[in-house]
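Biologist: I would like to learn how to read a protein model. Can we take one feature at a time?

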Amino acid sequence: SWPALKNMEPDQIISYALAGRHLLFDFWSDKLPSSLEPAIEFLHSIGMQPILAHPERISVFQRDPAALEAVIEMGVLLQMNTWCLTDPPEAPTRRMAEQLLKEDRYFCFGSDTHNSAGMPVRIVGLTIATEMVGPDRVDRLTRRNLLPLLSPFAG
């Protein structure tokens with residue numbers, strides 16, 4: 001958490017493949033935390049790319065799309081929780097996930113799986129995504145965009 005993050009050595013910050021390049025984070029808030037921008041600037045300054053997990057589930061973005069645009073403009077990538085595509089069509093999480101997916105705003109998908117029991121509904125979310133945007137985009141969001149994150153030797 002910020003400001004403790006700025007006192008850590010870069011190799012102490014948990015990143016994808018422990019490669020020190022991509023960091024997944026989230027927050028739960030009705031407004032943008034004042035610490036968000038300095039934390040993102042710090043991560044960029046040490047060569048890390050922040051990726052925001054499930055922005056469609058964060059209430060500030062559901063109420064204020066401009067807040068999400070501000071975060072994107074800070075250089076943050078977005079990861080969608082595939083579960084959200086299985087929410088009821090009127091749910092704010094689903095509406096936002098569909099909109100961001102159709103607008104090609106996501107960098108990748110995440111399953112947000114905390115145990116194996118939740119996996120089937122996440123697979124249904126992938127099926128819905130494939131129906132919405134096609135298999136090529138789903139392949140990019142589930143595999144191709146992630147290859148550099150998962151290999152400590154990727155450029």
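Predicted model: local features only at pLDDT ≥ 70, side-chain atom pairs only at ≥ 80, totals over all residues.

Biologist: Which residues touch the most other members of the largest nonpolar core?
Modeller: First, the idea. A nonpolar core is a set of buried Ala, Val, Leu, Ile, Met, Phe, Trp, Tyr and Cys residues joined through side-chain atoms within 4.5 Å. Buried means under 20% relative accessible area, exposed means over 50%, and partly exposed lies in between (1.4 Å probe, protein chains only). Here the largest core has 32 residues, and Phe25, Phe27, Leu52, Phe61 and Tyr106 touch the most other members.

Biologist: Which elements give two or more residues to this core?
Modeller: They are strand S1 (22-25), helix H1 (36-45), helix H2 (59-63), helix H3 (65-73), strand S3 (77-81), helix H4 (92-102), helix H5 (119-133) and helix H6 (135-142). Helices (H or I, at least four residues) and strands (E, at least two) are DSSP runs, numbered from the N terminus. Another core, of six residues, lies apart from this one, and Tyr16, Phe107, Cys108 and Leu149 are among its members.

Biologist: What does Phe25 touch?
Modeller: Contact means heavy atoms within 4.5 Å. Not counting residues up to four places away in sequence, Phe25 touches Leu36, Ile40, Pro50, Ile51, Leu52, Ala53 and Val76.

Biologist: Now a helix. Which residues of H4 are buried?
Modeller: Thr93, Arg94, Met96, Ala97, Glu98, Leu100 and Leu101 are buried in H4. The buried residues of this helix pack against H2, H3, S3, strand S4 (108-110), H5 and H6.

Biologist: Where is His54 found?
Modeller: His54 is in the loop between strand S2 (49-53) and H2. Its phi is also positive, near 35 degrees. His54 is buried, with a relative accessible area of 5%.

Biologist: How many disulfides does a search of the whole structure find?
Modeller: A disulfide is a covalent bond between the sulfur atoms of two cysteines. The search counts a pair of cysteine sulfur atoms within 2.5 Å. It finds zero disulfides. For Cys84, the nearest cysteine sulfur is that of Cys108, 14 Å away.

Biologist: Is Arg122 buried or exposed?
Modeller: Arg122 is buried, with 9% relative accessibility. Arg122 belongs to helix H5. Not counting residues up to four places away in sequence, Arg122 touches Thr82, Trp83, Ser111, Asp112 and Thr113.

Biologist: What is the volume of the largest pocket?
Modeller: Pockets are found on a 1 Å grid over the protein atoms alone: a pocket is an open set of points with protein on both sides within 12 Å along at least five of seven lines, and lining residues have an atom within 4 Å of a point. Grid points are joined across faces, edges and corners, and a volume is the space filled by probe spheres set on the points. The largest pocket has about 330 Å³. It has 18 lining residues, and the closest to its centre are Ser1, Trp2, Leu5, Phe25 and Ala39. H1 gives the most to this lining, with four residues.

Biologist: Which element gives the most to the lining of the second largest pocket?
Modeller: H4 does, with five residues. The second largest pocket has a volume of about 180 Å³. Its lining includes Phe61, Leu68, Met96 and Arg105.

Terms used:
Residues numbered from 1 in each chain as written. Heavy atoms only, no water. 1 Å grid on protein atoms, 1.4 Å probe; cavity = no way out; pocket = protein on both sides within 12 Å on 5 of 7 lines; lining within 4 Å.
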